[in-house]
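User: I am new to reading protein models, and I would like to learn how to go through one feature by feature. Could you take me through this one?

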Amino acid sequence: MTAPTRVLVCDDQVVIRTGLVTIIDAQPDLEVAGHCGDGRAAVELAGRLRPDVVLMDVRMPVLDGIAATRLLAGAGVPQPAKVLVVTTFNLDEYVYDALRAGASGFLLKDAPPEDLLHGIRTVAAGEALLAPEVTRRLVGKYATRIRPAAGTAPESPLTARELEVLRLLADGLSNREIAEALVISHETVKTFVSRILAKLGLRDRVQAVVHAYRHGLVT
């Protein structure tokens, strides 16, 4: 049998935290590894318990969720955690900051339980929890903030075909849409995406999109 996905729940509101724990523990393929109410405790528990996914609130005492996410999954972290940010605040700025800090996904607390569970499973599988159209709107809005000055981008290790796939991915296309645009199979697209992530040292599609904007591959 496959071991259940272990989740660390971090939220400062006891009622919400208890509800999340109850929903997660009721699933046969998921289990709560631990829970806490502030960002500092989240970082300490994640380091000790090594959960598969960290469910992180944004606004918490001692250390906020964005700062905690940066410590767990940000640039330079040797073994980055998979962080799913969950918040009541539907603000682009929070999404942007969370993803820049290293989060693999973003979900609102008023989402139905099935969406929450799907989000945990998606992030645990190493995928990003952002629909292509959300990625396009979000990263496009902040493109000027994440793109460096002209001439600072290093030479890309990607082949011409891989760059083509990356540009389409950054434009918000799903794997199936990329396959249709390039007249190749869905499995071939998945292979290209995996190669792109491996060559660039990226964790998921969201980081790939940010990389594309940062290096001026898309506008």
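Analyst: Let us begin with a term that we shall need for the strands: two strands are said to pair if DSSP finds at least two bridges between them. Please keep in mind throughout that this is a predicted model.

User: Which strands pair with β3, and in what sense do they run?

Analyst: Strand β3, which covers residues 53–56, pairs with strand β4 (residues 83–87) in the parallel sense over three bridges, and V54 stands opposite V83 of β4. On β1, four bridges join β3 in the parallel sense, with V9 opposite L55. Strand β1 (residues 5–10) is in turn joined by six bridges to strand β2 (residues 30–36), and these two also run parallel; here C10 has C36 as its bridge partner.

User: How should I read the two faces of a strand, and which residues of β3 are buried on each side?

Analyst: The general idea is that in a regular strand the side chains alternate between the two faces of the sheet. In β3, V53 and L55 lie on one side and V54 and M56 on the other, and all of them are buried, so that both faces are covered. Strand β1 is mostly covered as well, with five of its six residues buried.

User: What does burial look like in a helix such as α3?

Analyst: A residue counts as buried when its relative accessible area is under 20%. Helix α3 (residues 65–73) has seven of its nine residues buried, and so it is largely enclosed by the rest of the structure; the buried ones are G65, I66, A67, A68, T69, L72 and A73. At the start of this helix, a side-chain oxygen of D64 comes to within 2.9 Å of the backbone nitrogen of I66. Helix α11 (residues 205–214) is mostly covered too, since seven of its ten residues are buried, among them V206, V209 and Y213. Just after α11, G216 takes a positive phi of about 70°.

User: How many salt bridges does the structure hold, and which parts do they tie together?

Analyst: Side chains of opposite charge can pair when their charged atoms come close. The structure holds five salt bridges, and one of them joins the side chains of E31 and R6 at 3.8 Å, N to O. Because E31 lies in strand β2 and R6 in strand β1, this pair ties together parts that are 25 residues apart in sequence. Another joins R121 and D29 at 2.7 Å, N to O; R121 belongs to helix α5 and D29 to the loop between α1 and β2, so the parts tied together are 92 residues apart in sequence. A further one joins E162 and K199 at 2.9 Å, N to O, with E162 in helix α8 and K199 in helix α10, so that parts 37 residues apart in sequence are tied together.

User: What is the nearest side chain of opposite charge to R17, and how far away is it?

Analyst: It is D11, which is 5.8 Å away. A salt bridge requires a side-chain nitrogen of Lys or Arg within 4 Å of a carboxyl oxygen of Asp or Glu, and R17, although buried, has no salt bridge. R17 lies in helix α1 (residues 14–25), and its contacts beyond four places in sequence include V9, D12 and H35.

Definitions and conventions
Residues numbered from 1 in each chain as written. Predicted model: local features only at pLDDT ≥ 70, side-chain atom pairs only at ≥ 80, totals over all residues. Heavy atoms only, no water. Buried < 20%, exposed > 50% of the residue type's maximum accessible area, 1.4 Å probe, protein only. Lys, Arg positive; Asp, Glu negative; His and termini not counted. Contact = heavy atoms within 4.5 Å. Polar contact = N/O pair within 3.5 Å; in protein donor to acceptor, adjacent residues only side chain to side chain.
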